[in-house]
Amino acid sequence: MEKQIYNFLEEKLHSLVGLNSEDIKMDMKLDAPPISISSYDIVQLYAEMEEYFSVRIPDEYLFINKIEDIVKMVNDLINKNIVYQRKIDELKNRLFEE
């Protein structure tokens with residue numbers, strides 16, 4: 001899943017600042033050169049990631065701006081959602097067993 005998240009970020013950064021995928025590295029920060037996008041663009045990017053990956057990124061995570069950390073954070077949120085959904089499904093199955 002991390003590769004999909006990274007590819008999503010690459011595509012969005014290409015459209016925002018024109019960087020090619022070979023120019024984007026995991027240790028780059030969104031608010032520093034050569035990316036240097038505004039805090040508004042970072043929030044927009046996070047909103048698009050929430051929608052695309054069906055996760056909710058807590059407000060306290062909005063300060064995370066290193067690509068590597070963003071990929072890990074979104075991957076962790078996806079995994080937590082999967083575990084949470086499994087628990088809900090298990091509870092539903094137990095509740096509605098005949």
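Reader: Which residue's side chain meets E50 in a salt bridge?

Author: R56. This is a predicted model, and in it the N to O distance for that pair is 3.5 Å.

Reader: What else does R56 form a salt bridge with?

Author: D59. The closest N and O atoms there are 3.9 Å apart. Both D59 and R56 are exposed.

Reader: How many salt bridges does the count come to?

Author: Five. One of them joins K72 and D76, at 2.9 Å, N to O.

Reader: Where do K72 and D76 sit?

Author: In helix α3, four residues apart, so about one helical turn separates them. K72 is partly exposed at 46% relative accessibility. D76 is partly exposed too, at 30%.

Reader: Switching to the inside. Which residues in the largest nonpolar core touch the most other members?

Author: L30, M49, I67, I70 and V74, out of 26 residues in that core. The elements giving two or more residues to this core are α1 (2–17), α2 (39–53) and α3 (67–95).

Reader: Which one gives the largest share?

Author: α3, with seven residues.

Reader: And V74, what is it in contact with?

Author: I5, M49, F53 and I57, leaving aside neighbours within four places in sequence. M49 is also among the core residues that touch the most other members.

Conventions
Residues numbered from 1 in each chain as written. Predicted model: local features only at pLDDT ≥ 70, side-chain atom pairs only at ≥ 80, totals over all residues. Heavy atoms only, no water. Core = buried A, V, L, I, M, F, W, Y, C linked by side-chain atoms within 4.5 Å. Buried < 20%, exposed > 50% of the residue type's maximum accessible area, 1.4 Å probe, protein only. Contact = heavy atoms within 4.5 Å. Salt bridge = Lys/Arg side-chain N within 4 Å of Asp/Glu carboxyl O.
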